[in-house]
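Q: I would like to learn how to read a few features of a model. Could you take me through them one by one?

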Amino acid sequence: MPHDQPSADPISRPDTGAASAPVPVSVPFPFSAIVGQDEMKRALLISAVDPTIGGVLVFGDRGTGKSTAVRALAALLPPMRVVVGCRFHCDPDAEATWCGECRERAALARPDSRLEPVPVVDMPLGATEDRVIGALDLERALSRGEKAFEPGLLARANRGFLYIDEVNLLEDHLVDLLIDVAASGENVVEREGLSIRHPARFVLVGSGNPEEGELRPQLLDRFGLSVEVRTPATIADRIDVVRRRDAFDRDRARFVLTWRQAEDSLRQLVLAGRTRLPSVEVSEATLAQAVRLCMALGTDGLRAELTLLRAARALAAFEGDVEVTDTHVRRIAPSALRHRLRRDPLDEAGSSARVDRAIVELFGP
Ligand SMILES: [Zn+2]
């Protein structure tokens, strides 16, 4: 499995429990069993419906299961069909996105395919640019004409998720690069006149702790959605969190089986949402409300409006609706807009509160 996770992650720790069923030790916690965190779950799910929304920035306390949620979502999705032998796991059915090697292979014979789990790749802090985009060995390429490209993390993340823990601690130029590649769906590596390109479509998920260094506003604005997660506050929720985690750790196979039906239903909603997405309509009136909301909040440029529109459409598709309504817009607006607000020296309220207030003023209570 193309996971690149630190061994400290409880999910990848070898299972020392008594579970005897053939559940792989790397099996993640089921997505549907995550308690609360509705905003985060919704943002991740609609990103799975429409990966072009532009990724999710998750702000919140440590230990709120951000990484668990991303892995759980990837595991919820059906395995993807990949070209056998391709280092970028190209999709055999999407010829237009193939890498050069797949094109060469296909010229000789129809490529074989197999199933692979949707990848979740961890971005290590301090990774070099070569490690991220891949390394082109010029000497080898020129002297021996061999395949001189060593794929990086972006290749491994193709068609899956790239997770950056503590995105605010990553160098700005790397964050910039990741966002560029995620937006274009292609990684281009150029060295002294040689160039290699390969598909790199992934959903970027960054986690951050607002107290530990801030992201530049220009970078914040480039993430599609942002969500806030908190440690569950009620005793009932905390009991649920502990009880489920304990049950999972004691007997993964049984726990996964208990949640299988919920997982199946959720998977069907995502898949149906993807199918429905291209035909979901947005009325002029609803679009006008979305634009008015962005204007009232003073968000810059078109990106806010576009993201709000796409996110509302993906939400409608996920929920089985054929048309985007004001309700979709107002429910997704905090996630689509709160990280795009400029500081207002005359307004002490936080970004979420300002978005909420503008929503009520425009749409009513
Ligand atoms: Zn390929």
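A: We can begin with T307, which is placed in helix α13 (residues 303-318); helices (H or I, at least four residues) and strands (E, at least two) are DSSP runs, numbered from the N terminus. This is a predicted model, in which local features need pLDDT of at least 70 and side-chain atom pairs count only at pLDDT 80 or more, whereas totals for chains, interfaces and linings use all residues. Residues are numbered from 1 along each chain as its sequence is written, and side-chain values use heavy atoms, with hydrogens and water left out.

Q: Is T307 buried or exposed?
A: Buried means under 20% relative accessible area, exposed over 50%, and partly exposed in between (1.4 Å probe, protein chains only). T307 has a relative accessible area of 7%, so T307 is buried. Not counting residues up to four places away in sequence, T307 touches I53, G224, L225 and R340, where contact means heavy atoms within 4.5 Å.

Q: How do the five strands of the open sheet pair, and in what order?
A: Strands of a sheet pair through backbone hydrogen bonds, either parallel or antiparallel. Two strands count as paired if DSSP finds at least two bridges between them. Here the order is β4-β7-β10-β1-β11, and the pairing is parallel. Because β4 (120-122) and β11 (225-229) stand at the edges, each with a single partner strand, one side of each is left without a neighbour in the sheet. Strand β1 (residues 56-60) pairs with β11 over five bridges, and V56 has L225 as its bridge partner in β11.
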